Amino acid sequence: MEQIFARTLLAGFETAPAIPEDKVIRFVTTDSREAGPGCVFVAFPGETFDGHDFAAKALEQGAEYVVLNHPVEGVPEEKTILCPDSYQAMMRMGANYRAQYSPKVIGVTGSVGKTTTKEFCAAVFESFGSTVKTEGNQNNELGLPRTLFQIGPETEYAVVEMGMSHAGEIERLSRCAKPAAGIITCIGVSHIENLGSRENICRAKLEICAGLPEGAPLVLNHDDEYLRNAELPAHVQPVWYSLSSGAADVSASAIRQEADGMSFLVDDQENGCFMVHIPALGRHNVANALAAYCAATRLGLPARQVIQALKNFQQTGMRQRVVEHRGVKVIEDCYNANPDSMRAALEMFREYPCARRYALLGDMLELGEISRAEHEELGRLAAASGLDALVTYGEQAQRTAVTAAAKGLRTVYAHNYEEAAEALVRQVQPGDAVLVKASRGMALEKALAVFYARLDECSQ
């Protein structure tokens, strides 16, 4: 974060003390242990700890101001900024800070693929200038301001991911970040228990338009029927990409999966045709790369250089990370899962070059009333995906196992991480591959740790 006048950063708060003109802020923190001279401490109430209990300590350590939801005994009024919602406070400061600079911001949202698309965008824009991007899962009303605080006078581009669980959240994120271009990857069923239908999810994702200026490119997946049929605001310029339709502005054809990624032909109605290779597996990643390409070229970057920059993409965290251990290739995809991403992963894995294919699949969380049907459908998909055997873990994944077994797939339902790992170890041999995927809350990396250890033991 660059130094900023306190009056500028804290503008717009209804309840605030008189702030000296020359007072400056050097950083914002929500952790009282980090508080010090030149900082604003924001107190967040929590189930285990309440940040308000540490406000006085933050001031003792040198904090210039504390942002509180309510007055706190022992905290002087002249140091207190009152705001009923700590997230709202972070968003207000994030917007105030972002307004001091003029990078081209790219906002990325969607039910599936937004993090990977963000990484493709970052790989491209980093080739053209200093770029800030969302790190990890910092895509909400706390994380997005933290990303904006990384912008400085040298920043030319910022790629910000926008997540949501309820209507209205994307609009607030977009108005805060003020993107020059927006991307919506697809409309899935994540958080459908909160929003009720995919039509409502689509409307919520389209809230990204609230922060886009007149004529801004809005990059949309033409293969998604909900986006294709959506009513778009008149002030944005839609840019459609597709893996199946030549009617889109940008389309991919001759898609081929290789050992180290995907090769395909890009047909851009504005810029011509290009052969492309990306270091990521699966047709879904071709779509993610196309979205990044569309955003970059419609913001004025040269197509050929954008195509070259896509090669700089790197997977992050536990997203489709390929690890070879004792001759067995493991695709670690434990970061997240929903019906669309599970389907895409199985389609990719079916074409993956190996001797035999095994999968460890866990629960897809936050599906609400459709959870049972979607886990049973996953079992049918797994049975039709060329797997040699399936291992499942999780209460809902038991339905996946039952359905897959009924379709003739050799299946093991594991009650814990050790059973899951052991079931795989008993079957895999060098040259085989294993796909491991579930929602983050299932923590399948713990099963992987046991699996790798048991492979080591068996090899001794």
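**View 1. The lining of the largest pocket divides into nine nonpolar, 23 polar and eleven charged residues.** Ala, Val, Leu, Ile, Met, Phe, Trp, Tyr, Cys and Pro count as nonpolar, Asp, Glu, Lys and Arg as charged, and the others, Gly among them, as polar. The model is predicted: local features need pLDDT of at least 70, side-chain atom pairs count only at pLDDT 80 or more, and totals for chains, interfaces and linings use all residues. Residues are numbered from 1 along each chain as its sequence is written, and side-chain values use heavy atoms, without hydrogens and water. A pocket is an open set of points on a 1 Å grid where a 1.4 Å probe fits, with protein on both sides within 12 Å along at least five of seven lines; lining residues have an atom within 4 Å of a point. Here 43 residues form the lining. Which of them lie nearest the centre? They are Lys114, Asn139, Arg319, Tyr335 and Asn336. The elements that give two or more residues to this lining are α4, α6 (169-177), α7 (192-195), α10 and α12 (339-350). Helices (at least four residues) and strands (at least two) are DSSP runs, numbered from the N terminus.

**View 2. The second largest pocket has a volume of about 670 Å³.** Its lining holds 26 residues. Closest to the centre are Asn221, Leu243, His284, Ala344 and Glu347. Strand β13 (250-258) and helices α10 and α12 each give two or more residues to the lining. Which element gives the most? It is α12, with five residues. By class, the lining of the second largest pocket has ten nonpolar, seven polar and nine charged residues.

**View 3. Helix α4 (residues 114-125) packs with helix α10 (residues 283-298).** Their axes lie 8 Å apart, at an angle of about 45°. That makes α4 oblique to α10. Axes are lines fitted to C-alpha atoms, with angles from 0 to 180 degrees between N-to-C directions. Angles under 35 degrees count as roughly parallel, over 145 as roughly antiparallel, 65 to 115 as roughly perpendicular and the rest as oblique. From α4, the contact (heavy atoms within 4.5 Å) takes in Thr116, Thr117, Phe120, Cys121, Val124 and Phe125. From α10 come Asn285, Asn288, Ala289, Ala291, Ala292, Ala295 and Ala296. Nine of the residues in the contact of α4 with α10 are nonpolar, four are polar and none is charged. Both helices also give two or more residues to the lining of the largest pocket.

**View 4. Helix α15 (residues 417-425) packs with helix α16 (residues 445-459).** The angle is about 45°, and the axes are 8 Å apart. That makes α15 oblique to α16. On α15, the contact residues are Tyr417, Glu418, Ala421, Glu422, Leu424 and Val425. On α16, they are Lys446, Ala447, Val450, Phe451, Arg454, Leu455 and Cys458. The contact of α15 with α16 has nine nonpolar, no polar and four charged residues.

**View 5. Helix α3 (residues 86-98) and α6 cross at roughly 30°.** Their axes come within 8 Å. The two helices are therefore roughly parallel to each other. Met91, Gly94, Ala95 and Arg98 of α3 meet Arg172, Leu173, Cys176 and Ala177 of α6. Five residues of the contact of α3 with α6 are nonpolar, one is polar and two are charged.

**View 6. Lys178 and Ala254 have positive phi values.** Lys178 is not a glycine, yet its phi is about 50°. Where does Lys178 sit? It is found in the loop between α6 and β10 (181-184). Ala254 has a phi near 50°, also a positive value in a residue other than glycine. Ala254 lies in strand β13. Strand β13 also gives two or more residues to the lining of the second largest pocket.

Terms used. Grid points are joined across faces, edges and corners, and a volume is the space filled by probe spheres set on the points.
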